[in-house]
Amino acid sequence: MSIETISLSGRKKMVSNKEMTFWERLYLVAIVKGLYITLKHLFRKKVTIHYPEQVREMSPVYRGQHQLKRDEQGRENCTACGLCALSCPAEAITMKAAERKADEKHLYREEKYASIYEINMLRCIFCGLCEEACPKDAIYLTTSKVLVPSSYEREDFIFGKDRLVMPLDVAIKNAQLNNAN
């Protein structure tokens with residue numbers, strides 16, 4: 001078996017350099033086929049939406065901005081176990097664990113917490129595997145339509161705890177809603 005006949009995909013085709021006929025050289029058949037396709041698409045229903053007036057509804061499985069949850073007392077749920085970082089296929093999550101001090105009991109639930117928690121939004125593919133891997137339900141992807149604001153600096157795309165942790169007033173409202181249900 002020679003190297004010319006080997007095909008890994010099985011889709012190898014031999015190219016011939018046969019002489020084109022007169023009609024093929026005119027490209028008249030190809031032009032007519034192209035015009036037929038154009039006319040066929042001209043009378044179809046348009047799929048374009050007029051954005052400010054019409055808003056496309058989001059998919060029920062839409063995953064938006066990351067957020068680190070707090071409990072009903074305003075303490076962070078994250079215990080720095082690292083499962084979210086291990087499950088991330090893009091390796092976008094980095095964290096550093098630290099021990100909680102005695103005067104920080106009102107800030108963190110467990111003895112260990114994430115002193116540094118960063119997500120590189122340039123690498124993140126918004127797959128939601130970090131959300132599924134977290135045993136403490138500490139990270140989730142919101143349904144916010146705002147994903148990542150544009151910027152010219154790479155450092156602006158690395159979200160730290162300052163941008164990821166749920167605001168305290170939102171955490172208190174969530175706790176009140178959960179208690180009402």
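Student: How many bridges join β3 to β5?
Tutor: β3 and β5 run antiparallel and are joined by two bridges, where two strands pair if DSSP finds at least two bridges between them. Strands (E, at least two residues) and helices (H or I, at least four residues) are DSSP runs, numbered from the N terminus. Please keep in mind that this is a predicted model, in which local features need pLDDT of at least 70 and side-chain atom pairs count only at pLDDT 80 or more, while totals for chains, interfaces and linings use all residues. Residues are numbered from 1 along each chain as its sequence is written, and side-chain values use heavy atoms, with hydrogens and water left out.

Student: Which residue is the bridge partner of Asn-120 in β5?
Tutor: The partner of Asn-120 in β5 is Ile-158.

Student: And in what order do the strands of the sheet come?
Tutor: The sheet is open and has three strands, in the order β2-β3-β5, with antiparallel pairing. Its edge strands are β2, residues 93–99, and β5, residues 158–159, each of which pairs on one side only.

Student: Over how many bridges do β2 and β3 pair?
Tutor: β2 pairs with β3, which covers residues 112–120, over seven bridges in the antiparallel sense. Within that pairing, Thr-94 has Glu-118 of β3 as its bridge partner, and Glu-99 stands opposite Lys-112 of β3.

Student: New topic: how many cavities are there?
Tutor: Searching the whole structure gives two cavities of 30 Å³ or more. On a 1 Å grid over the protein atoms alone, a cavity is a set of points where a 1.4 Å probe fits but cannot get out, whereas a pocket is an open set with protein on both sides within 12 Å along at least five of seven lines, and lining residues have an atom within 4 Å of a point. Grid points are joined across faces, edges and corners, and a volume is the space filled by probe spheres set on the points.

Student: What is the volume of the largest cavity, and what lines it?
Tutor: The largest cavity has a volume of about 80 Å³. It is lined by 16 residues, and those closest to its centre are Cys-78, Cys-81, Cys-84, Cys-134 and Ala-138. By class, the lining has 12 nonpolar residues, three polar and one charged, with Ala, Val, Leu, Ile, Met, Phe, Trp, Tyr, Cys and Pro counted as nonpolar, Asp, Glu, Lys and Arg as charged, and the others, Gly among them, as polar.

Student: And the second largest cavity, which residues lie nearest its centre?
Tutor: Of the 13 residues that line the second largest cavity, His-66, Cys-88, Cys-124, Cys-127 and Cys-130 lie nearest its centre. The volume of this cavity is about 60 Å³, and its lining divides into 11 nonpolar, two polar and no charged residues.

Student: What about the largest pocket, where does the largest share of its lining come from?
Tutor: Helix α6, residues 168–180, gives the largest share of that lining, with five residues. The largest pocket has a volume of about 220 Å³, and among the 14 residues that line it, Arg-70, Asp-71, Asn-174, Ala-175 and Asn-178 are the closest to its centre. Its lining holds four nonpolar, four polar and six charged residues.

Student: Switching to rings: why is the pair of Phe-22 and Trp-23 edge-to-face?
Tutor: The ring centres of Phe-22 and Trp-23 are 5.6 Å apart and their planes stand at 70 degrees, so the pair counts as edge-to-face. Rings of Phe, Tyr and Trp (its six-membered ring) pair if their centres lie within 6.5 Å, with planes under 30 degrees apart counted as stacked, over 60 as edge-to-face and the rest as tilted. The search of the whole structure finds two aromatic pairs; in the pair of Tyr-108 and Tyr-113, the centres are 3.8 Å apart and the planes at 10 degrees, so this pair is stacked.

Student: Is Tyr-108 buried or exposed?
Tutor: Tyr-108 is buried, because its relative accessible area is 11%, and buried means under 20%, exposed over 50% and partly exposed in between (1.4 Å probe, protein chains only). Tyr-113 is also buried, at 7%, whereas Trp-23 counts as exposed, at 54%.
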